[in-house]
Amino acid sequence: MNYFTPEIETAPREKLRELQSERLRKMVRRCYNNVPFYKRKFDEIGLKPEDIQSIDDIVKLPFTVKQDLRDNYPYGMFAVGRDKLVRIHASSGTTGKQTVVGYTKEDLHAWAEGAARAIVAAGGSANDFIHVSYGYGLFTGGLGLHDGAELLGAIAIPVSSGNTKRQVQILQDFQSDILCCTPSYAMFIGETLREMGIKPDEIPLRAGIFGAEAWSENMRLEIEKALGIKAYDIYGLSEIAGPGVSYECSEQTGMHVCEDHFFPEIIDPETLKPLPDGEYGELVFTCIGKEALPLVRYRTRDISCLTRETCSCGRTLVKMKKPRGRSDDMLIIRGVNVFPSQVEHVILELGMEPNYQIIVERENNLDAMTVCIEMSERMFSDEISGIAAAEKRIASAMLSTLGVGAKVRLLEPHALPRSEGKAVRVVDKRKI
Amino acid sequence: MEIMQISIFAENRPGRLAELTEKIASLGIDVRALSLADSADYGVLRLIVAEPEKALACLRAAQLMATGTPVLGVAVNDAPGGFATVVRVLADANISVEYAYAFLTPTTGKAGVILRVKDNAAAAAALQLAKIELLGQEQIF
């Protein structure tokens with residue numbers, strides 16, 4: 001067995017608890033002293049930093065939700081000044097308002113450590129070429145795995161996403177050992193490989209680390225077959241760090257959480273009470289080691305469960321199950337966050353009536369988004385080519401705003417059901 | 001000498017054309033000529049009707065996506081080469097035909113053709129010069 005940080009990954013539970021308790025105590029003090037938002041929240045419930053002595057006291061702390069980040073946009077929740085910050089990332093948000101996250105040098109190190117643990121758990125070593133096909137940019141995917149690879153001492157190939165034939169060529173020519181991207185992109189690369197007449201055993205690739213979107217066991221098998229590799233899951237969200245918050249080992253029965261930095265809890269989303277191990281509920285993280293953005297009991301909206309059974313890989317870190325889905329309105333399409341309001345924004349900008357519906361399906365294991373829009377005077381034409389041009393205009397505006405392609409389907413006026421309350425804007429037919 | 005054509009948007013799904021044409025019938029719209037153009041997902045039903053303005057208002061009131069487009073109607077000899085003559089005149093005048101469809105007129109010995117071109121005035125001038133008979137709304141009904 002091989003570990004990146006064996007002293008943590010295989011630490012006795014008691015030692016881990018001590019570390020967590022110490023980090024939580026310090027974190028609560030930092031939050032109270034440096035983040036006015038938390039000082040106010042703690043004061044409201046009469047909580048003093050010294051009330052938090054051990055990790056068990058975490059249940060006394062208030063929750064943090066995404067809206068808090070939006071309300072304090074962009075830097076209001078940061079606990080450090082510009083002098084300590086070294087990196088900013090952001091997740092795509094509703095029209096214009098993104099969720100902004102920041103990192104200190106230490107934070108980046110902790111995150112990279114998580115990603116490096118994931119690479120090692122997937123069988124990677126300092127001698128491997130790590131082919132990173134996640135997008136590089138404000139999205140945490142690309143740089144997250146990249147930094148993890150470098151910290152490990154492996155060789156990062158920063159391919160970023162897109163240009164799939166070139167991806168295949170690099171897989172072949174650069175001898176990539178481990179591929180990192182979204183599962184749906186891995187499928188697409190696999191398809192491209194087949195179309196180019198290349199057999200999976202003609203590329204040296206051994207493993208893949210896939211995350212940033214929900215994927216099924218079936219899809220894992222498909223990817224493994226298409227690329228001739230073993231496929232591993234990785235989990236992360238920018239608010240906490242990015243990919244590497246938790247990762248799969250060879251046993252593949254859940255993802256080990258880097259609980260030395262990110263302490264997980266499962267709560268009942270209705271009562272907000274903690275749930276015992278093995279029960280599904282909302283996943284909550286406390287960034288006990290983070291300096292820049294030390295979120296307290298952040299509600300991820302992901303539905304998962306925790307297990308502490310002994311793992312055959314030797315790691316003692318708690319495992320979380322693949323999240324079952326999200327409870328809020330955000331859609332994750334091929335790893336990209338899409339909000340219905342962004343679609344609406346595009347439609348309105350093109351001067352059309354906002355009568356639309358988003359249909360998400362899984363086609364050949366790839367997320368496919370169709371935006372159904374009712375035909376309006378503005379795009380109608382007596383010529384098919386005129387309508388097709390309007391269709392194309394909408395599709396390209398969608399792509400540039402959402403960052404992910406959508407099929408456009410034009411409907412007759414009043415084809416969509418009208419609602420007096422909240423319109424049904426999203427029909428998600430994906431079955432994970 | 002333009003004729004007002006009515007175009008209706010229709011989704012491509014089984015039974016939709018039947019529903020649509022039944023709707024047109026129930027609105028009492030008298031159709032003289034029609035053509036259906038389609039893509040994989042939708043089609044455009046084009047109609048030449050009596051009282052197009054009134055028909056258009058009725059269709060819109062029935063929540064259909066309908067629009068009016070001025071097109072040309074010509075009478076061609078119901079004999080081999082009849083339509084070819086018309087197209088040749090337009091080609092020589094550098095006018096391209098977007099689409100066309102034919103129908104029978106009450107006028108014996110002649111067929112009617114609806115022509116959709118970009119520039120109706122230029123096309124009409126070229127056709128008149130070639131002594132091709134243009135049809136107005138009143139000649140069709």
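Predicted model: local features only at pLDDT ≥ 70, side-chain atom pairs only at ≥ 80, totals over all residues.
Residues are numbered from 1 along each chain as its sequence is written, while chains are lettered from A and ligands numbered from 1 in the order in which they are written.

**View 1. Chain B in outline.**
Chain B holds 5 helices and 7 strands. Helices (H or I, at least four residues) and strands (E, at least two) are DSSP runs, numbered from the N terminus. Along the sequence, the pattern of chain B is β-α-β-β-α-β-α-β-β-α-β-α. Of its 141 residues, 33% are buried. A residue is buried if 20 or more other C-beta atoms lie within 10 Å of its own, exposed if 12 or fewer, and partly exposed in between; C-beta atoms are placed from the backbone. Of the contacts in chain B between residues at least 6 apart in sequence, 68% join residues at least 24 apart. Contact here means that the C-beta atoms of two residues, placed from the backbone, lie within 7 Å.

**View 2. Strand S4 of chain B and its partners.**
Strand S4 (residues 66-77) of chain B pairs with strand S1 (residues 2-11) of chain B in the antiparallel sense, over 7 bridges. Two strands pair if DSSP finds at least two bridges between them. Ile3(B) has Val71(B) in S4(B) as its bridge partner. S4(B) also runs antiparallel to strand S6 (residues 110-117) of chain B, with 6 bridges. Here Gly73(B) stands opposite Ile114(B). Strand S7 (residues 133-135) of chain B pairs with S4(B) over 3 bridges, again in the antiparallel sense. Val74(B) has Leu134(B) in S7(B) as its bridge partner.

**View 3. Helices H3 and H4 of chain B.**
Helix H3 (residues 82-92) and helix H4 (residues 120-129) of chain B pack at an angle of about 120 degrees, their axes 9 Å apart. H3(B) is therefore oblique to H4(B). Axes are lines fitted to C-alpha atoms, for helices over the stretch in contact, and angles run from 0 to 180 degrees between N-to-C directions. Angles under 35 degrees count as roughly parallel, over 145 as roughly antiparallel, 65 to 115 as roughly perpendicular and the rest as oblique. H3(B) gives Val86(B), Val89(B) and Leu90(B) to the contact, and H4(B) gives Ala123(B), Ala126(B) and Leu127(B). This contact of H3(B) with H4(B) has 6 nonpolar, no polar and no charged residues. Ala, Val, Leu, Ile, Met, Phe, Trp, Tyr, Cys and Pro count as nonpolar, Asp, Glu, Lys and Arg as charged, and the others, Gly among them, as polar.

**View 4. The contact between chains A and B.**
Chain A contributes 14 residues and chain B contributes 17 residues. On the side of chain A that touches chain B, helix H11 (384-402) and strand S19 (407-411) of chain A are the elements that give two or more residues. The residues of that side divide into 9 nonpolar, 1 polar and 4 charged.

In chain A, 3 strands form an open antiparallel sheet in the order S10-S11-S12. Strand S10 (262-267) and strand S12 (298-304) of chain A are the edge strands, each pairing on one side only. Neighbouring strands of this sheet are turned by 30 degrees against each other on average, direction ignored. Strand S11 (residues 281-287) of chain A runs antiparallel to S12(A), joined by 4 bridges. Val284(A) has Arg299(A) in S12(A) as its bridge partner. Thr286(A) lies in strand S11 of chain A. Thr286(A) counts as buried because it has 28 C-beta neighbours inside 10 Å. Phe262(A) is 24 residues from Thr286(A) in sequence, and 5.6 Å away in space, C-alpha to C-alpha. Not counting residues up to four places away in sequence, Thr286(A) touches Ile58(A), Phe263(A), Leu295(A), Val296(A) and Arg297(A).

**View 5. Helices H7 and H8 of chain A.**
The axes of helix H7 (residues 164-173) and helix H8 (residues 183-195) of chain A come within 9 Å and cross at roughly 80 degrees. H7(A) is therefore roughly perpendicular to H8(A). The contact of H7(A) with H8(A) divides into 4 nonpolar, 3 polar and 1 charged residues.
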